[in-house]
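Please look at the sequence and the structure below, and keep both at hand while reading the report that follows.

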Amino acid sequence: MLPSRIATTIARALTSGCPRAVRRLDAGAMADDPFALFEMWFAEARVSEPNDPEAMALATVGDDGRPSVRIVLLKSVDRDNGFTFHSNSRSRKGREMAGNADVALVLHWKSLRRQVRIEGRVTAATEAESDAYFATRGRQSQLSAWASQQSQPLGSWQELVERQAAMEQRFGDKVARPEHWHGYRVDPRSIEFWSDGAHRLHQRRLFTRSTDGRWSESLLYP
Ligand SMILES: Cc1cc2nc3c(=O)[nH]c(=O)nc-3n(C[C@H](O)[C@H](O)[C@H](O)COP(=O)(O)O)c2cc1C
């Protein structure tokens, strides 16, 4: 939860269409709480981004040491559970995360000229959390989680259409969540906030978490 003073300021700024009022909170604000700062930036991005403010690049590393990166959607964020997205554990990323839990995320909000970089370790969300999220998806999206063998070679588009139709026949009213489609939580050990400045004098605020769980902040040259 955001401190009420900050939440009120954000609400006022967003309803008055004045994001600059929000930006004034950046400098030195919430120095020990990167989650509060993330929530503040995310709230602004939800207003200003034309689409998918929750889109983030997820980088993983394979057994061969080679990195790969793709977009996934950030579905929830909080101090206890970290940054959560949902995917197929049999996909390329799923296999890579099973072999190496160290991942990196980056969100880029072009409308705000801001970037957030997150590094940490990934774990599977609970069954209950995965079930709850899956239940919110539309029926066709639920069926496609069964129909799509994510990252596997596909012979033709028709093959996918037929698999989707077969799933339509297979399930009644309720579509159960496939065991291989679930949430992933990234528990961050560092979160960096980058904001655009004039003449390339951009601001970089790096938060790192120590072993006792406390966060500390430092600045980086842009
Ligand atoms: C805007 C956007 C959102 C996406 N969201 C997800 C997502 O939440 N989960 C997911 O598995 N794939 C998502 N994808 C597809 C992935 O980028 C990727 O194509 C897919 O997961 C297969 O990746 P992999 O072969 O590296 O495992 C999204 C793609 C875009 C462009």
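## The shell around the ligand

In this predicted model, the residues of the shell around the ligand divide into five nonpolar, seven polar and four charged. The shell holds 16 residues, and the closest to the ligand are Ser 87, Ser 91, Arg 92, Lys 93 and Ser 151.

Three elements, namely strand E2 (67-73), strand E4 (82-88) and helix H4 (92-99), each supply at least two residues of this shell. Strand E2 gives the most, with five residues.

Strand E5, made of residues 102-109, pairs with strand E6, made of residues 114-124, and the two run in the antiparallel sense over eight bridges. Within this pairing, Leu 107 can be found opposite Val 116 in E6. The two strands form a hairpin with four residues between them, and Arg 113, which lies in the turn, has a positive phi of about 55°.

Strand E6 is also joined to strand E7 (residues 181-195), again in the antiparallel sense, and here eleven bridges link the two.

## The loop between E7 and E8

Which residue lies in the loop between E7 and strand E8 (203-209)? His 199 is one that does, and its phi is near 55°, a positive value in a residue other than glycine. His 199 counts as exposed because it has 5 C-beta neighbours inside 10 Å, where the cut-off for an exposed residue is 12 or fewer.

Arg 200 also has its place in the loop between E7 and E8. The phi of Arg 200 is near 65°, which is again a positive value in a residue other than glycine. With 7 C-beta neighbours inside 10 Å, Arg 200 therefore counts as exposed.

## Helix H3

Helix H3 covers residues 34-48, and its 15 residues, taken at 1.5 Å a residue, should span 21 Å.

Which residues of H3 are buried? They are Pro 34, Phe 35, Leu 37, Phe 38, Met 40, Trp 41, Glu 44 and Ala 45.

Definitions and conventions
Residues numbered from 1 in each chain as written. Predicted model: local features only at pLDDT ≥ 70, side-chain atom pairs only at ≥ 80, totals over all residues. Pairing = 2+ DSSP bridges. Buried ≥ 20, exposed ≤ 12 C-beta atoms within 10 Å, placed from the backbone. Expected span 1.5 Å × (residues − 1). Near = placed C-beta within 6 Å. Nonpolar A, V, L, I, M, F, W, Y, C, P; charged D, E, K, R; others polar.
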